[in-house]
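Subject: Structure handover

Hello,

The structure we talked about is below, with its sequence. My notes on it follow.

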Amino acid sequence: MKVTTVIATALLSAAGQAASVPDFTTNPAGNPFVEGWYADPDNEFYNGEYWVYPTYSHEYDAQTFLDAFSSPDLINWTKHPNILNTTTFSWAKRAVWAPAPIARNGKYYLYFAANDIQTNDEYGGIGVGVADRPEGPYLDPLGKPLIGQYYNGAQPIDQDVFIDDDGQAYIYYGGHGHANVARINEDMISVGTFPDGDQYKEITPENYVEGPQMFKRKGKYYLFWSEGGWTGPDYAVSYAISDNPIGPFKRLDKILQQDLAVATGSGHNGVITVPGTDIHYIVYHRHPLGATDGNDRRLCYDHDFKDG
């Protein structure tokens, strides 16, 4: 993949750094790093392990569950099947997409979209599951979607949840070419309000399609998002940088796009940070060369290794 890095990555010195710190240019075991059709990965570091939570990439009616993968070293991965499914979320029927993990107050939360609603007359949107362990099972604390309507034209899908240094949580989301940000209350299962009284603020940058991802480094807020069509070769990731978690976010450049010698349609990313370091990886999905099914998507990661 062609990766243009916007995050200046500090090189680890041999002195004072553990040899086990993963600092690879790409996955040394090879990409894709797990077997199976998966997409839309997001990730967290839980209890000394890297966890990746993807969409099960198949036809919408088959997307009724989520799996997860964990690794102590970014090389050896363990599959955790069926950590969340529609049998325990009465409102979710199909198209379970883009899980977003986060932990708070001893609980693990997994946000996801379901039902691929196209209008406010349909039932579905963004839900949240709660568990006592990273591998679940994730149960429904609400019995309904957390966000079940269009606001500012944003389809309620493709969520990312971020907790800032001051403890304020935010949810970034949106399909159909619109991106919103909202506050999440400390209970992590209700939407808050901004000081001006707004609940949902539109932050749509240029060329935005879907899949926002928030990442903070050295006081700056990096917003990534996907452009192009998810089944096509033009799928890619671009970025913006802001001094504020609610923007404004001005598009700067692409950070990830296809390499026709390797794969096509690379997009919908997360950011893996090695704890205690300035080492970051972009985790994403891509289509293998020669794939004829748009659902044939595989999970990969590469090092953000060049200053830019």
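The side chains of H268 and D40 make a polar contact at 3.1 Å (a pair of N or O atoms within 3.5 Å; within protein, one must be able to donate a hydrogen and the other to accept it, and residues adjacent in sequence count only if both atoms are side-chain atoms).

Before the rest, the basis. This is a predicted model, in which local features need pLDDT of at least 70 and side-chain atom pairs count only at pLDDT 80 or more, while totals for chains, interfaces and linings use all residues. Residues are numbered from 1 along each chain as its sequence is written, and side-chain values use heavy atoms, with hydrogens and water left out.

H268 lies in strand β17, residues 263-273 (strands are DSSP runs of E, at least two residues, numbered from the N terminus). H268 has a relative accessible area of 6% and is therefore buried (buried means under 20% relative accessible area, exposed over 50%, partly exposed in between, with a 1.4 Å probe and protein chains only). Leaving aside neighbours within four places in sequence, its contacts include D40, D158, Y235 and H285 (contact means heavy atoms within 4.5 Å).

A pocket here is an open set of points on a 1 Å grid over the protein atoms alone, where a 1.4 Å probe fits, with protein on both sides within 12 Å along at least five of seven lines; lining residues have an atom within 4 Å of a point. Of its 20 lining residues, N43, E44, F215, V271 and T273 are the closest to the centre.

β13 is largely enclosed by the rest of the structure, because seven of its eight residues are buried. Six bridges join β13 to the antiparallel strand β14, residues 220-227 (strands pair if DSSP finds at least two bridges between them). M214 has L223 in β14 as its bridge partner. The two strands form a hairpin with two residues between them, and K218 in the turn has a positive phi of about 50°.

Elsewhere, four strands form an open antiparallel sheet in the order β9-β10-β11-β12. β9 (160-163) and β12 (201-202) are at the edges with a single partner strand each, so one side of each has no neighbour in the sheet.

Regards
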